[in-house]
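Hello,

Here is the structure I promised to pass on to you. Have a look at it first, and then read my notes below.

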Amino acid sequence: MTVTADITGTGRAAHLDELRELIAEVLEIEPEELTETGSFVEEYEADSLRAIEILARIEKKYRVEVPQEDLAKMENLLAVYETVKARVGWTD
Amino acid sequence: MNGALHKSMAPAAALVLDEPVLTTSATAPSPVPSTAHRAAPLKAIDEYRILSAHEITAEKLVRADDPYLEGHYPDFTIYPGVFVIESVTQTVHALVEQTWESRIEIELTAIKSVRFTSPVLVGDTLRIRCLCTYVEDNRLTVKADCHIDRNELDPDLDDAGAGAASDRAARMTLEFRLVRADAHE
Amino acid sequence: MSDHAHIRSVLPHRHPILLVDQIEEIEHFDHIVTVKAVTGSEPCYAGMAETTDPRRFAYPRSLMVESFGQSGALLWLESIRREGRELTGSLIFAAAKNVTFHRAAYPGDTLRHVAHIEQIVGDNAFLRGQTLVDGELAADYGSVIAVVRQTESLDGRQAPVASQLAAIPRQHTMEEQ
């Protein structure tokens, strides 16, 4: 992951928060409970259907297609952020 | 007759719930009679155990000749998810029926959420646990957890990560309304 | 297209649990309207104690939900078939949220289901909709998720929605054994 000068800039933080809220809703937890590197499977009891629900919400919200191969990579909030960033083309 | 019928059972008068008549928890399971008093797809629990006025467990052995199953599906039989909900409903009914002195029945008003994690197959025993909370206005909220006792030993069940979750069949939160059994409009 | 024979060619369900009679309206990948007659000759009315209480013949809500779910699945499978595609595996009810029941249906009534596809992600369909009886709302389905999973993985006792993210069943042929 590239460290940019603007690492705490609004783009990245805002996007992370958006995704945090989206994922927390699917996992049925409070957004504050979701850490950046906490594994969905190990720490939040997520099964594969939750992963698909997260993907579905991302596709709907950002109007982007995320191939199912990316699902296996989306293990935590940060990983989801990186995947979405690449697919949507954020310049954070 | 159908004019008044078509609404859901509306309580004729305010439903007053007395103290629960359950005194001791049953230690032996109670069997469920075969004859149904209301339409149901099948007898969805075989026996139940009342643990308190708020907690009950039950089980159901899924049989190949259970009603409806021959069509779900012809080449591979799965106990329908809606029948897991039916099993939970009948479990709650058993608890409510035993708890109150006056004849009270339940009516499913909502499935707040349900998730099916593992398919229930012929030969499996579905084990249900319900936690019931009475809410004012004669409503009941039920959280149910359902697990499967497999019909054969599976050496792969202990694979890392899969073992703990794989025998859960479903989890759900249901809402019911209590009505007096003999109230007619 | 709307007839029962066609429905049987799309849905894997068979008697007595094929709970969709006819399609009234369909817009592929968007919505479907189906009907199902409730009759006293169904298995759910067998073996009942004699009773004078007509309310005991309310059509089981579990079967109403099943009938709706099949309507949604019919829309999904029919839509992808029209694109020349097909899903291999077993149709499974995976999850639902905010399903509310408002009135009962009785023998002689007709259930009319309106099911919408909200989204499709691979072998997973996200649906919502309603069931009406006599034009009145009988049930409202906030969200229903139907999925197709390989039958062989069910045989092998792997949960179709396994707890490992990496183990998402991919579409593969039955010969891969």
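Let's begin in chain B, where Tyr68(B) sits in the loop between β3 and β4. Please keep in mind that this is a predicted model. Tyr68(B) is not a glycine, yet its phi is positive, at about 75°. Is Tyr68(B) buried or exposed? Tyr68(B) counts as buried because it has 22 C-beta neighbours inside 10 Å, and the cut-off for that class is 20 or more.

Tyr73(B) belongs to the loop between β3 (55-61) and β4 (78-79) of chain B. The peptide bond that leads from His72(B) to Tyr73(B) is cis, with omega near 5°.

Chain A has a positive phi to show you as well: Glu45(A), not a glycine, has a value of about 55°. You will find Glu45(A) in the loop between α2 (40-44) and α3 (48-62) of chain A. Glu45(A) has 14 C-beta neighbours inside 10 Å, so it counts as partly exposed.

In chain C, look for the cis peptide bond between His15(C) and Pro16(C), where omega is about 0°. Pro16(C) is part of the loop between α1 (4-10) and β1 (22-27) of chain C.

**Strands in chain C**

Which strands pair with β6(C)? One of them is β3 (residues 90-101), which pairs with β6 (residues 136-149) in the antiparallel sense over 10 bridges. Along that pairing, Lys97(C) stands opposite Ser143(C). Strand β5 (residues 124-133) also runs antiparallel to β6(C), joined to it by 9 bridges. Here Ala125(C) faces Ala146(C). β5(C) and β6(C) make a hairpin with 2 residues between them, and Asp134(C) in the turn has a positive phi of about 55°.

**The nonpolar core**

Ala146(C) comes up again here: in the largest nonpolar core, which has 113 residues, Val84(B) and Ala146(C) touch the most other members. Leaving aside residues up to four places away in sequence, Val84(B) touches Tyr79(B), Phe116(B), Val120(B), Leu126(B), Cys146(B), Ala169(B) and Ala170(B). In soluble globular proteins, nonpolar side chains tend to be buried together.

The model scores ipTM 0.86 and pTM 0.86. Chain C has an average pLDDT of 87, and 84% of its residues score at least 70. Over residues 155-177 of chain C, however, pLDDT stays under 50. For that stretch the model has 48 contacts beyond four places in sequence. Where pLDDT is low, the predicted coordinates should not be read in detail.

Enjoy exploring!

Methods: Residues are numbered from 1 along each chain as its sequence is written. Chains are lettered from A and ligands numbered from 1 in the order in which they are written. This is a predicted model: local features need pLDDT of at least 70, side-chain atom pairs count only at pLDDT 80 or more; totals for chains, interfaces and linings use all residues. A nonpolar core is a set of buried Ala, Val, Leu, Ile, Met, Phe, Trp, Tyr and Cys residues joined through C-beta atoms within 7 Å. A residue is buried if 20 or more other C-beta atoms lie within 10 Å of its own, exposed if 12 or fewer, and partly exposed in between; C-beta atoms are placed from the backbone. Two residues are in contact if their C-beta atoms, placed from the backbone, lie within 7 Å. pLDDT is the predictor's confidence in each residue, from 0 to 100. Helices (H or I, at least four residues) and strands (E, at least two) are DSSP runs, numbered from the N terminus. Two strands pair if DSSP finds at least two bridges between them.
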